[in-house]
Each structure stands twice: as structure tokens, then as C-alpha cells.
Amino acid sequence: MPQVSGLRREPSDADVSEAAADRFKVYTQRDLERIVPLQQLPASMRFDMQVVSSILPFRVNQYVIDELIDWDRVPDDPIFQLTFPQRGMLSPEMFERMASVLRSEADRATVQALARELRAELNPHPAGQLQMNLPLDANGEPLNGLQHKYRETVLFFPSQGQTCHSYCSFCFRWAQFVGDKALRIATNEANRLHRYLEQHPEVTDLLVTGGDPMVMKTKHLRGYLEPLLEPRFAHVQTIRIGTKALTFWPQRFVSDDDADELLELLQRLVEAGKHVSIMAHYNHWQELRTDIAHRAIARLRETGAQIRSQGPLLAHINDDAADWARLWKEQVRLGIVPYYMFVERDTGARHWFEVPLARAWQIYRDAMQQVSGLGRTARGPSMSAGPGKVEIQGVTEIQGEKVFVLRFIQARNPDWVQRPFFAAYDEQATWLDQLRPPFGEAQFFFEPEYEQMRRERGLIT
Ligand SMILES: *Cc1c(COP(=O)(O)O)cnc(C)c1O
């Protein structure tokens with residue numbers, strides 16, 4: 001049997017079809033052969049999926065399979081690409097190494113050992129997340145489960161929220177879903193969060209993230225969030241919750257056992273004067289086409305919470321201006337505020353999904369031109385890199401040299417924010433570390449200070 005969420009009764013055969021719409025049922029690598037629509041695909045494709053999902057995490061639920069994927073368009077369907085492993089996600093060499101081990105029917109330990117070795121080659125922790133963003137307590141000890149990179153915003157990774165209803169094939173936090181628990185960024189200590197916030201009056205925003213905090217039961221979420229109504233947390237004005245549940249499991253807000261309780265919690269926070277923002281991860285308008293997705297959005301908005309949308313630009317999924325324009329128009333119509341368009345990060349299956357920065361900017365611009373002002377609130381394309389969020393603002397020519405115009409929309413040093421700077425134009429570059437300063441300059445303006453910060457963290461000597 002496929003795994004059934006432990007929170008719900010296992011369905012009997014008789015009520016499977018009738019109840020499928022509101023019962024959470026999930027498939028992982030070992031259930032690949034049980035996914036009915038996959039059975040019509042060539043066996044070689046299913047083997048490819050076995051190979052890739054031995055290295056990269058895979059998890060998909062029945063709602064995504066039944067309601068979001070157009071099986072007639074597989075393998076090109078964007079939601080299929082978003083959730084199912086594809087051969088091209090691994091380099092041919094890496095693919096072949098794992099394929100030959102699987103073909104030889106090696107034991108589990110051999111497969112696991114190779115998987116660990118190959119994952120390490122996929123830059124599992126981009127942007128120095130583990131070392132650079134961990135805050136320290138009063139004794140200088142790292143506070144697991146928290147990240148504090150930008151002065152005003154603290155990220156919190158509740159341990160019960162470190163999985164998702166389905167996994168995105170391009171996830172930049174993919175490494176936390178495979179094996180090694182020691183590398184997980186997580187905590188179950190509400191106290192630790194609250195103590196840290198209390199000691200940091202400069203923090204105005206708490207961003208609860210994961211994984212997906214919406215996989216948590218409402219009672220856990222309440223334990224973290226309700227205390228923020230106490231006067232000692234008056235400086236924490238905004239509570240953001242990052243989630244892809246509006247795509248992968250809108251039932252969370254409509255028909256789950258504790259859906260109503262969740263909405264009550266959000267409403268209580270709003271009524272007490274907090275700004276609550278659901279940071280919804282969206283990649284394609286197809287995610288927005290079901291009635292239940294619309295109902296979930298409407299119910300969330302009734303609480304007084306705002307919904308903002310963000311997501312990366314990805315080859316094979318949404319590298320098309322018309323798709324972005326349609327997504328943003330649809331979001332505006334449903335009352336969602338477009339917030340960020342990200343550049344795919346330099347990790348995991350990046351070679352399958354990456355789009356050159358020059359092309360990313362063209363797609364962004366072309367999409368912007370197709371929407372009204374209310375759809376133009378999405379900033380980007382933005383790279384969440386070590387020094388900060390760097391936006392590509394355009395391409396121009398200065399003193400005869402073609403350049404990218406860039407700016408920080410967030411930075412480790414707030415003083416770097418909103419200063420225009422330039423990089424030599426490079427049609428192929430896909431990430432900040434591939435860009436070079438123009439005009440024969442040796443460094444970007446922020447580099448000496450950033451290097452100093454890294455030295456202080458012992459990342460370079
Ligand atoms: C994006 C991000 C934030 C939030 O930045 P905003 O510009 O306020 O949305 C906070 N922390 C980290 C590490 C981030 O990447």
C-alpha cells in the first residue's frame with residue numbers, strides 16, 4: 001500500500017474513489033510502480049525515475065496526480081516536471097553510475113552509500129546556509145532551527161514542518177529531505193524561538209518556513225505563534241508563513257480536521273494587530289485551476305491574512321513570459337499579491353532547470369509588460385545568494401561596454417540595499433558567482449566586506 005498519512009484513517013477499498021479528493025494519500029520512491037497513470041509510460045522512463053529518485057527526494061500526493069497534472073501532456077506537463085523525477089536532472093555520468101548499481105540489484109546499503117556520495121557533488125547547502133545564517137545564543141552557541149541573515153527578519157524552521165505535501169523536483173532545500181538528519185535545519189523548541197525574538201527588538205518579521213509549516217497540525221503552529229501576542233513581542237509586527245499547500249494540498253485550509261482551527265488562529269493574530277502573510281509558493285497557473293484551490297485562497301483571505309506569491313523561474317516548467325503573465329493576472333484576480341520571481345539556485349538538479357540570467361530578465365520584462373500595475377509588484381529575477389538577494393534590473397551599455405544593471409533587494413549589510421551596481425554582460429551566466437565586475441574593476445563593491453564576514457565565520461582563511 002502507498003503510505004497513508006498517519007493522521008488519517010486508512011481508506012477501505014470501497015471509499016477510496018469517493019474520498020480521494022479530501023483524504024491525504026502520498027507516494028514515495030518505493031510506490032512508483034503503484035501510481036496508476038505512470039503505468040502507461042514506457043518501462044524505461046519508470047526506470048529513469050527510480051534512478052533519479054535514489055538520489056534526489058521524491059514525494060507526490062493523489063491530489064496532484066489527479067487534479068493538477070495533464071497526463072496527456074506528460075512528460076512536458078509543467079506540474080509533472082515540478083513533481084516527478086526526470087532523467088536529465090542528473091548528469092549522464094551520475095545517472096549511469098546509479099543506473100548500473102540498480103541494474104546489478106545491489107543491496108540497499110550499496111545504493112545508499114552511492115547516493116550519499118553523489119548528493120555531496122550536488123552542492124547540497126548553497127549560499128553557506130548552514131554556517132553563515134545560524135544565529136548564536138548569549139554563550140556563542142549556534143541556535144539550530146533559526147536563521148537570521150537580514151536584520152529585520154528571522155527564519156524559523158519548526159521540526160514538525162520539515163516535510164511537504166509533495167516535493168518540488170527543483171527544491172533548493174532538497175538535501176534536508178534525504179537521509180542525514182544531522183544536517184537538517186530544525187528545532188522543536190518554541191522556547192528557543194521566543195527567547196531569541198525577545199532578545200532581538202530589531203526583528204520585525206518572523207518567517208516560519210520549512211519544508212512546509214502547513215504540514216503541521218494547527219496545535220503545533222499555535223504553540224509557536226500564539227505567544228507572539230504577548231506584549232514582550234510587540235516588535236514582531238509581521239508573521240509570514242511560507243507554504244506550497246495552496247498548490248499541493250488546499251484541503252489544509254478547507255476540509256482537513258483542523259482547517260477551521262487554523263483559520264481561527266490566523267484570524268486571532270490579525271485581530272490582535274499582527275500582519276499575517278501567507279508566502280505562497282507558485283510556479284504555474286495550472287496550480288490555480290481547481291475549485292478547492294480557489295476556496296482555500298478565499299478562506300485564508302477571510303481571516304484578514306494577506307497572500308503573497310513567490311517562486312523560481314525554471315526551464316521545463318515556466319520559462320515562458322506568457323505563463324508568468326497568466327499566473328500573475330490570475331493571482332491578482334484571486335486577491336494574491338505577486339512578490340518575488342526567483343532565479344533557480346545553484347544546487348541539486350540545477351542543470352535541468354537553470355535559465356541564463358539574461359534570458360530570465362527578458363522573460364520577466366516581457367511578462368511585466370503584459371500585466372497591469374497590480375501584477376507588477378513581483379520583484380526579480382532575484383538571486384538569493386550568499387551576500388543577499390540580488391535583482392537583475394536590466395541590460396544596458398555604459399562607456400561602450402554591455403553590462404547587467406543589478407541591485408540588492410536584501411543584503412547582509414543593509415547599507416548595500418538599493419545601490420545600483422554593474423556586472424559585465426554574460427549571455428550564459430546563470431548565477432552571481434559567474435558574473436564579473438565590468439570596466440576592468442577587480443571586485444564588486446560589496447566583496448571586501450562580504451569576505452570579512454566569511455572570514456569571521458571561519459569559511460575562508
Ligand atoms: C528572502 C529572505 C528573507 C525575507 O526577505 P524580504 O526581502 O523581507 O522578503 C529573509 N531571510 C532570508 C534568508 C531570505 O532569503
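Arginine 240 stands opposite serine 277 in strand S8. Two strands count as paired if DSSP finds at least two bridges between them. Strands (E, at least two residues) and helices (H or I, at least four) are DSSP runs, numbered from the N terminus. Helix H11 (residues 259-271) packs on the sheet here and touches S7 and S8. Contact means heavy atoms within 4.5 Å. The direction of H11 makes about 135 degrees with that of S8. Axes are lines fitted to C-alpha atoms, for helices over the stretch in contact, and angles run from 0 to 180 degrees between N-to-C directions.

The model is predicted: local features need pLDDT of at least 70, side-chain atom pairs count only at pLDDT 80 or more, and totals for chains, interfaces and linings use all residues. Residues are numbered from 1 along each chain as its sequence is written, and side-chain values use heavy atoms, with hydrogens and water left out.

Now the whole sheet. It is open and has 11 strands, in the order S4-S5-S6-S7-S8-S9-S10-S11-S12-S13-S14, with mixed pairing. Its edges are strand S4 (146-150) and strand S14 (421-424), each of which pairs on one side only. On average, neighbouring strands of this sheet are turned by 30 degrees against each other, direction ignored. Strands of a sheet pair through backbone hydrogen bonds, either parallel or antiparallel.

Strand S12 (residues 388-398) runs antiparallel to S13, and 10 bridges join them. Glutamate 391 has arginine 407 in S13 as its bridge partner. S12 and S13 form a hairpin with 2 residues between them, and glutamine 399 in the turn has a positive phi of about 50 degrees. S13 also pairs with S14, again in the antiparallel sense, over 4 bridges. There, valine 405 has phenylalanine 422 in S14 as its bridge partner. Why is strand S13 (residues 401-411) described as largely enclosed by the rest of the structure? Because 9 of its 11 residues are buried. Buried means under 20% relative accessible area, exposed over 50%, and partly exposed in between (1.4 Å probe, protein chains only).

Next, the backbone. Most residues other than glycine have a negative phi, and most peptide bonds are trans. Asparagine 123 has a positive phi near 45 degrees. This residue sits in the loop between helix H6 (108-120) and helix H7 (129-132). Asparagine 123 is partly exposed, at 33% relative accessible area. Histidine 316 also has a positive phi, about 75 degrees, in the loop between strand S9 (306-313) and helix H13 (321-334). Histidine 316 is partly exposed at 35%.

Two cis peptide bonds deserve a look. One joins valine 74 and proline 75, with omega about 10 degrees. Proline 75 lies in the loop between helix H3 (62-68) and helix H4 (78-83). Another runs from glycine 210 to glycine 211, with omega near 15 degrees. Glycine 211 is in the loop between strand S6 (205-208) and helix H9 (218-225).

A search of the whole structure finds 3 cavities of 30 Å³ or more. A cavity is a set of points, on a 1 Å grid over the protein atoms alone, where a 1.4 Å probe fits but cannot get out; lining residues have an atom within 4 Å of a point. The largest cavity holds about 100 Å³ of space. Of its 16 lining residues, Leu56, Pro57, Met89, Cys168 and Ser169 are the closest to its centre.

Terms used: 1 Å grid on protein atoms, 1.4 Å probe; cavity = no way out; pocket = protein on both sides within 12 Å on 5 of 7 lines; lining within 4 Å. Points joined across faces, edges and corners; volume = space filled by probe spheres on them.
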